[in-house]
Amino acid sequence: SDDSALRTLSLHVEQAGGWMPGTFDYFSLGGDARQYRSAFEERVVFAGRLRLATIDPLGSQTDDDIPLLKRFYHGGTNEMRGWGTYEPSPLSASGEPVGGKTVLTATAEARVVIFIRLRGAVFFEAGNVWEDPWTVRLRDLRYDAGPGLRFDTPFGLIRFDVGYQLR
């Protein structure tokens with residue numbers, strides 16, 4: 001085992017409706033894998049993340065069985081940073097975000113210590129959100145990359161990223 005690496009795995013399973021009473025009727029399954037590896041006397045940290053999740057309406061198989069807040073969205077400050085909030089997510093005919101039923105995100109980031117509490121970063125991301133459950137089409141992936149700055153404060157991390165759409 002390498003002491004300079006940290007790995008985390010998480011699994012999310014959720015069911016609403018079916019054999020349980022409730023207004024909604026869906027099954028959700030997702031996983032998240034992360035790895036952090038330090039190098040160059042801990043002045044550089046390489047971070048990687050892979051997230052895959054799906055939500056499937058049960059019973060009548062209608063979109064009304066899945067609440068909007070449980071659907072998947074991309075874009076903004078945490079995933080697919082080169083895209084606007086909800087921009088790469090499924091939209092209604094009028095352009096409103098409706099979310100998708102399957103999400104895939106892969107992120108690679110290198111963080112470098114510049115000065116005590118100030119770090120620079122570069123990142124690359126690939127991902128998308130699909131309208132159908134259990135559906136991943138790699139040819140539909142969208143990509144972005146960019147630089148960033150991180151500043152550790154006593155109150156938490158302040159982060160500034162500039163992402164550029166690659167596709």
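This is a predicted model: local features need pLDDT of at least 70, side-chain atom pairs count only at pLDDT 80 or more; totals for chains, interfaces and linings use all residues.
A residue counts as buried when its relative accessible area is under 20%, and because Glu79 has a relative accessibility of 9%, it falls in that class.

**Glu79 and its surroundings**

- Glu79 is found in the loop that runs between strand E3 (44-57) and strand E4 (102-115).
- The side chain of Glu79 makes a polar contact with the side chain of Arg49, at 3.1 Å.
- Once neighbours within four places in sequence are set aside, the residues in contact with Glu79 are Arg49, Arg51, Tyr73, His74, Thr105 and Glu125.

**Salt bridges of Arg81**

- Arg81 forms a salt bridge with Glu125, in which the closest N and O atoms are 3.1 Å apart; this pair links distant parts of the chain, with Glu125 in strand E5 (residues 118-130) and Arg81 in the loop between E3 and E4, 44 residues apart.
- Both partners of that pair, Glu125 and Arg81, are buried, and the relative accessibility of Arg81 is 11%.
- A network of salt bridges links Arg81 with Glu109, Arg111, Glu125, Arg150, Arg159 and Asp161.

**The pair Asp152 and Arg119**

- Asp152 forms a salt bridge with Arg119, the closest N and O atoms being 3.4 Å apart; the pair links distant parts of the chain, since Asp152 lies in strand E6 (residues 142-153) and Arg119 in strand E5, 33 residues apart.
- Asp152 is partly exposed, with a relative accessible area of 30%, and Arg119, at 22% relative accessibility, likewise counts as partly exposed.

**Val162**

- Val162 lies in the loop between strand E7 (156-161) and strand E8 (164-165), and with a relative accessible area of 29% Val162 is partly exposed.
- Apart from neighbours within four places in sequence, Val162 is in contact with Phe123, Ala145, Gly146 and Pro147.
- The C-alpha atom of Val162 is separated by 27 Å from that of Ala5, a residue 157 places away along the chain.

Definitions and conventions
Residues are numbered from 1 along each chain as its sequence is written. Side-chain values use heavy atoms; hydrogens and water are left out. Helices (H or I, at least four residues) and strands (E, at least two) are DSSP runs, numbered from the N terminus. Buried means under 20% relative accessible area, exposed over 50%, partly exposed in between (1.4 Å probe, protein chains only). Contact means heavy atoms within 4.5 Å. A polar contact is a pair of N or O atoms within 3.5 Å; within protein, one must be able to donate a hydrogen and the other to accept it, and residues adjacent in sequence count only if both atoms are side-chain atoms. A salt bridge is a side-chain nitrogen of Lys or Arg within 4 Å of a carboxyl oxygen of Asp or Glu.
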